[in-house]
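These are my notebook entries on a structure that I looked up part by part. I set down what I found in the order in which I checked it.

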Amino acid sequence: MPNSLNPLEQIARRWQPSAAFVRRAALATVVMAVIIVVTGGAVRLSESGLGCETWPKCTSESLTPTADMGIHGLIEFGNRLLTYVLCVVVGLFIIAARARAPRRRSLTRLGWAQFWLVMSNAVIGGITVLTGLNPYIVSSHFLAATALLTVAVLSWIRANEGDDEPRDLVARPVRQLSWLLVLATAALTVIGTVVSGAGPHAGDARKVHRIPLDWQEITQLHVDFVYIVVGLSVALWFTLRAVKAPAAPRRVVLELFACLAFQGVIGYVQYFLHLPELIVGIHMFGSTLVWICVLRVFLSLRERGPLPAVPAPAGEQAPVEAPEAATAV
């Protein structure tokens, strides 16, 4: 009976979103994941990490910041509110993916994975405050946000393709080279969190514990991995040309070059200007673009067929919807 159905099933019986709507909902989760990374960086760079002195409330007596907490309390609390916006966007994607016929369990599972990552990252954010901005917890907070971005990008790509078994578009060694690119970029991201944990931007004007390493030496290691990522990207592009790979993967690699060039310029500017807050924030934004491009490069080297056709009423032909290109964010 209809009353015994769960809410998602009831929505699915009353609403049939288009494939384009599901794709846009998936893209919205990517955009919100990027925003969460950037605004989280803004909290730290504005020294508002302890703007709300406890969690889940802002103070021991108040859920919201008080007047005497000033701008730092508003910035920290505003970042907390963005979590609710993110939940709404992820929830919309889950509902749209569930309501779309034929049902694609792979998409709804990715949506729920995003939801639980949001919840876990909210808890990690609370632990960050309760531990007084422990740099190791702060680093894990950023990495959890990157994990959310990873699943959001995968959801976006999967919303543009079918559910056939993946078929490689290039030879196995080329795919392995793309794996190396992903792993090197992941290592670059992890080292970047160590640089942040050891560097001068602690997240609060008061004395905060830092990772006991020379941040300039760690920065040099970070730069070394930048060169590795750039070298692998160049090698992959020439390899794709040599094996006459489809045009789409080669185009995505060129987009990666553009992001790496942007990120490299910003990285050198922030270093020679002694880490101004605005430039560091732009660098964090650039890191999300690089990660998105690297994931797209890796996923562009296989295909999973066209989108499943919408079931048609008896006697009618099912409409065919062409997938949209997953353009860069």
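Entry 1, helix H1. I noted that Arg 13 and Glu 9 both belong to helix H1 and are four residues apart, about one turn of the helix. They form a salt bridge, and the closest N and O atoms are 3.5 Å apart. I found Arg 13 exposed, because its relative accessible area is 57% and the limit for that class is over 50%. The model is a predicted one, so I also looked up the confidence. Helix H1 (residues 7-14) has the lowest mean pLDDT among the elements of the chain, 82, whereas helix H5 (residues 135-158) has the highest, 95. For the chain, the mean pLDDT is 88, and 91% of the residues reach 70 or more.

How many salt bridges does the structure hold? I recorded 10. Side chains of opposite charge can pair when their charged atoms come close. In helix H3, Arg 80 and Glu 76 are again four residues apart, about one turn of the helix. Their side chains meet in a salt bridge of 3.0 Å, N to O, and both residues are buried.

I then turned to Glu 161, which forms a salt bridge with Arg 302 at 2.8 Å between the closest N and O atoms. Glu 161 is in the loop between H5 and strand S1 (167-168), and Arg 302 is in strand S2 (residues 302-303), so this pair ties together parts that are 141 residues apart in sequence. Is Glu 161 buried or exposed? Glu 161 counts as buried, at 9% relative accessibility, and Arg 302 counts as buried at 8%. Both residues belong to a network of salt bridges that also links Arg 104, Arg 158 and Asp 163.

I recorded eight aromatic pairs in the structure. One of them joins Trp 15 and Phe 21 edge-to-face, with 5.3 Å from centre to centre and 85° between the planes. Trp 15 is partly exposed, at 30% relative accessibility, and Phe 21 is partly exposed at 31%. I also noted one aromatic cluster made of Trp 112, Phe 115 and Trp 116.

Which residues form a nonpolar patch on the surface? They are Trp 55, Val 123, Ile 127 and Leu 130, with about 330 Å² of accessible area together. I located Val 123 in helix H4 (residues 105-130). Its relative accessible area is 41%, so Val 123 is partly exposed.

Ser 62 is in the loop between helix H2 (19-45) and helix H3 (70-99). Why does Ser 62 count as buried? Its relative accessible area is 16%, and the class takes values under 20%. A polar atom of the Ser 62 side chain lies 2.5 Å from the backbone oxygen of Thr 64.

In helix H3 I looked up Arg 98, which is buried with a relative accessible area of 9%. Its C-alpha atom is separated by 9.5 Å from that of Gly 111, 13 residues apart along the chain. Last, I checked Leu 236 in helix H7 (residues 215-242). Leu 236 counts as buried, at 1% relative accessibility. The C-alpha atoms of Leu 236 and Val 297 are separated by 9.6 Å, although 61 residues apart along the chain.

How values were computed:
Residues numbered from 1 in each chain as written. Predicted model: local features only at pLDDT ≥ 70, side-chain atom pairs only at ≥ 80, totals over all residues. Heavy atoms only, no water. pLDDT = per-residue confidence, 0-100. Helix = DSSP H or I, 4+ residues; strand = E, 2+ residues; numbered from the N terminus. Buried < 20%, exposed > 50% of the residue type's maximum accessible area, 1.4 Å probe, protein only. Polar contact = N/O pair within 3.5 Å; in protein donor to acceptor, adjacent residues only side chain to side chain. Patch = residues over 30% accessible without salt bridge, like charges linked within 9 Å, V, L, I, M, F, W, Y side chains within 5 Å. Areas by Shrake-Rupley, 256 points an atom, 1.4 Å probe, with all protein chains shown as cover. Salt bridge = Lys/Arg side-chain N within 4 Å of Asp/Glu carboxyl O. Phe/Tyr/Trp six-rings, centres within 6.5 Å; stacked < 30°, edge-to-face > 60°.
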